[in-house]
Amino acid sequence: MADLSFVRKEIIPQRAAPLSQTGIIGWFRKNMFSDIPNTILTIIVGYFIISILGNILPWVFSPTWNSVSLTECRGILAELGRSGHGGGGACWGVIRERWLQLLFGFYPSELYWRPILAFVLLGLALAPVLFDKASRKLIYLTAIYPFLCFWLIWGGSIWFPVTVFSGFIVAYLGYVYVNKAFGSLAGVIASIALPVLWWLFITSPLSISLHSIMPIGSEAIESDRLGGFMLAVLIGVTGIALSLPIGILLALGRQSNLPILKAVCVCFIEFIRGVPLITLLFVASTLLNIFLPPGSNFDLILRVMIMVTLFASAYMAEVVRGGLAALPKGQYEAADSLGLDYWKAQRLIIMPQALKISIPGIVSTFIGLFKDTTLVSIIGLLDPLGLSTNIRADMAWNGILWELYGFVGLIFFIFCFSMSRYSMYLERKLATGH
Amino acid sequence: MTAIPDPSKQGFKFSQLLYDTRYRSMTIQIVSLIAILLFFGWLISNTAANLATLGKPIQFKFLGEPSNYDINQRLLDYTSRDTHLRAGLMGLINTLVLALMGCVTATILGVAIGVLRLSKNWLVARVMTLYIELFRNIPVLLWIIIVFSIMIETMPRPNQFRSGEAAMKLFDSVAITNRGVYIPEPLFNGGLGDIFLLGESSLRFGLSLDLIAILIVLFVGLFISKKIKTNADFIQNETGVRPTTWWKRLSIVILPIVITLWALGFHLGYPELKGFNFKGGIYLRNSLIALWIALSLYTAAFIAENVRSGIQAVAKGQSEAAYALGISPGRTMSLIILPQALRIIIPPVISQFLNLTKNSSLAIAVGYMDLTGTLMGITLNQTGRELETVLMGMAIYLIISLAISTVMNWYNNSVKLVER
């Protein structure tokens, strides 16, 4: 009798997975139509996307780039037989005609090279802070950049920013020499007191006399001609650059064991965080002149910058405090047991770790600060939103809305989104875990 | 600090104030205290000098003067003959109403979006990510203005309802126009009326007794329902079998309210088109609606991120452990996951509520009369009292914020994990 039992002698070649499980179809089945509720959800969301895009896309693609007024736009669209809300299409002529104004405000157009140069230099000055690969020599540019930027944008005599900057040199020299002669504590006191005296009593007469001897300068620009995204970036960058150090100091003050210092920091932080930014801007626009010595009247943009910086520092302080609190106690004890004094421990052990933990919070505070610069339009500064009202007041563009808001929104989105992506890059770069 | 020397025996020397760590912190604090006091003294003396020059000494008499301006959206009675104080009160109430409405909708939207962002459905998760990035990266002021423009530009005018170009929604009960939204108002036939408190003063207000009656019935119902639950828990602990309670608990809350409403003669007053505009019903102005929608959508994006990170922070082992114990998925969610996720989610969400309340001050951009618009807006301009109005406004916002923070701290302490 023949042996009927069957034993396979060779291995069957592996077959490809069924078509419904691989490729595009498999991916769709797995990710969008895995079961009935999922399918329903997909269909609902897909319907929404299609209906929204179906309304917006025809509006966006509209051949009105070269038009010079809203009436002309409507005419072009009517000839194409398009109708609907807003004439059935966007009127991009307004952006072509006014984009420079949205970027620079009423800055004289023949001097646009100055803010452009300032922003190019800003990129160079930020490079050594943001990226490892940038040349270390650029850090000198970073140091003088604030003064250079001030001079480029506002213009006027070069001696004023130079004399203000030399205050820092005075501080350094004072520290070095007094330190040698009278000891470290006297050096620290000198490095604080000398520049203050310099700024209070020497800066303005010196800059005036230097200017009369050697009049180097450029055309001065009035503050009310600044506007647009240039203003938003100016306020934002100033706030960002100053709020981080002030915020760190406030956070340290709040964590310190000196009760008076702690109370002062807590009061400041809680007060600033408890009121809306708009009320602080009201203070800047109406009250700050009352608080300052009679007769002193300084620029509204500068006052706004001060208030925005104070506002952001309080938030920054809370973010940094979170980072300090998240640090294990052993780190502090280890620093103490190594014999490091307070500032050395903070600089070498605590802050590098605490700041690393708080990067997401710090960056989202930056983003919030940059978005909040739009609030200055309420107190009458011409930021992008204020300018869009201004453009609508023009007869040719009376009634134009979505194009301007879309453009302003898009630029804000690009700025803020790239900041948040940078923070993710930074987190990955600094990650030391496994 | 390797070796702390013994306290010197020669007694106190002046230089110890600077070089002895025991005294140095005291010196630093006293010096900084003096500096701060000097700074404030400088500010106050400047202020006094400036105010004397302007001829405006600080006084709050203007609060009792007639305001001479109208407030178009308000909860209490108010006319332009009322005082600035009452105008400010209207503004404060408007701020609180807006904040409350915004917080409720932002929470609902935010939780839904945060959960959907974690969905396994690729399309849904991507759309929610897009929503969150879009709203978090564009200024809230721009969103408010955009929504306000949409209200004004694309919604039908009231007279389009007459010509039939537009129609009322929801069985002819809600009218959405470019001036605002009209919704039905609750009316009571055999109502108990209102009581008016504080007489004729600027802070007078009326309370609807009908509303109070309904609230009392509601709370009694909730209390009894809670008792039923406690009783069911007790029976479950004793016998291991949980009695069915849901219909008892539901009816004990709902039935008495229905009976009360019927007894009070409850009916809805619908808005009607009369002349050029709608009459009757509750009128929510376009500025209120725009702020409400924009603030809700904006804050919802932030809340969604908090919800997502809270859910992701609960370790996977927790749900696996619950399944291993044989607990059903629904109860795993309500008994294991949510209590742990909520502990992480709620503090940042409350700080989002705080942000929403503060952002409601942007109402001034669309003309909604909140605290910024009345006290720090028109009252400031009419009386010229910058110092008093701005400081009062800041103080009120500060009080609101501190109240919300107190609630947050109380909650944080009550759910804090007690370790060792």
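How many helices and strands are there in chain A? In this predicted model, where local features need pLDDT of at least 70, side-chain atom pairs count only at pLDDT 80 or more, and totals for chains, interfaces and linings use all residues, chain A has 17 helices and two strands. Residues are numbered from 1 along each chain as its sequence is written, and chains are lettered from A in the order in which they are written, with ligands numbered from 1 in that order.

**View 1. The overall form of chain A.** Helices (H or I, at least four residues) and strands (E, at least two) are DSSP runs numbered from the N terminus. The radius of gyration of chain A, taken over C-alpha atoms, is 30 Å, well over the 22 Å that the globule rule gives for 434 residues, so chain A is more spread out than a compact globule; that rule is 2.2 Å times the number of residues to the power 0.38. The C-alpha trace of chain A spans about 115 × 75 × 40 Å along its principal axes. Of its 434 residues, 31% count as buried, a residue being buried if 20 or more other C-beta atoms, placed from the backbone, lie within 10 Å of its own, exposed if 12 or fewer, and partly exposed in between.

**View 2. The domains of chain A.** The assignment, whose bounds come from an automatic or database source, gives domain 1 (22-61), domain 2 (63-91), domain 3 (97-107 + 223-430) and domain 4 (158-218) in chain A. Between the C-alpha centres of domain 1 of chain A and domain 4 of chain A there are 65 Å.

**View 3. The surroundings of A:Asn289.** A:Asn289 belongs to helix α11 (residues 277-291) of chain A, and it counts as partly exposed because it has 19 C-beta neighbours inside 10 Å. The C-alpha atom of A:Asn289 is separated by 25 Å from that of A:Ile208, which is 81 residues away along the chain.

**View 4. The largest nonpolar core.** A nonpolar core is a set of buried Ala, Val, Leu, Ile, Met, Phe, Trp, Tyr and Cys residues joined through C-beta atoms within 7 Å. The largest has 135 residues, of which A:Leu281, A:Val304, B:Ile144, B:Leu291 and B:Ala294 touch the most other members. Helix α9 (residues 286-313) of chain B gives the most to this core, with 15 residues. Leaving aside residues up to four places away in sequence, A:Leu281 touches A:Val304, A:Met307, A:Leu375, A:Val376, A:Ile378 and A:Ile379. A second, separate core of seven residues includes A:Ala118, A:Ala125, A:Cys149 and A:Leu152.

**View 5. The side of chain B that touches chain A.** Here 49 residues of chain B are in contact with 44 residues of chain A, contact meaning that the C-beta atoms of two residues, placed from the backbone, lie within 7 Å. On this side of chain B, α2(B) gives the most, with 13 residues. The residues on this side divide into 28 nonpolar, 16 polar and five charged, where Ala, Val, Leu, Ile, Met, Phe, Trp, Tyr, Cys and Pro count as nonpolar, Asp, Glu, Lys and Arg as charged, and the others, Gly among them, as polar.

**View 6. Helix α7 of chain B.** The 31 residues of helix α7 (residues 209-239) of chain B should span 45 Å at 1.5 Å a residue, and its end C-alpha atoms are 45 Å apart, which agrees; the expected span is 1.5 Å times one less than the number of residues. Just after α7(B), B:Gly240 takes a positive phi of about 85 degrees.
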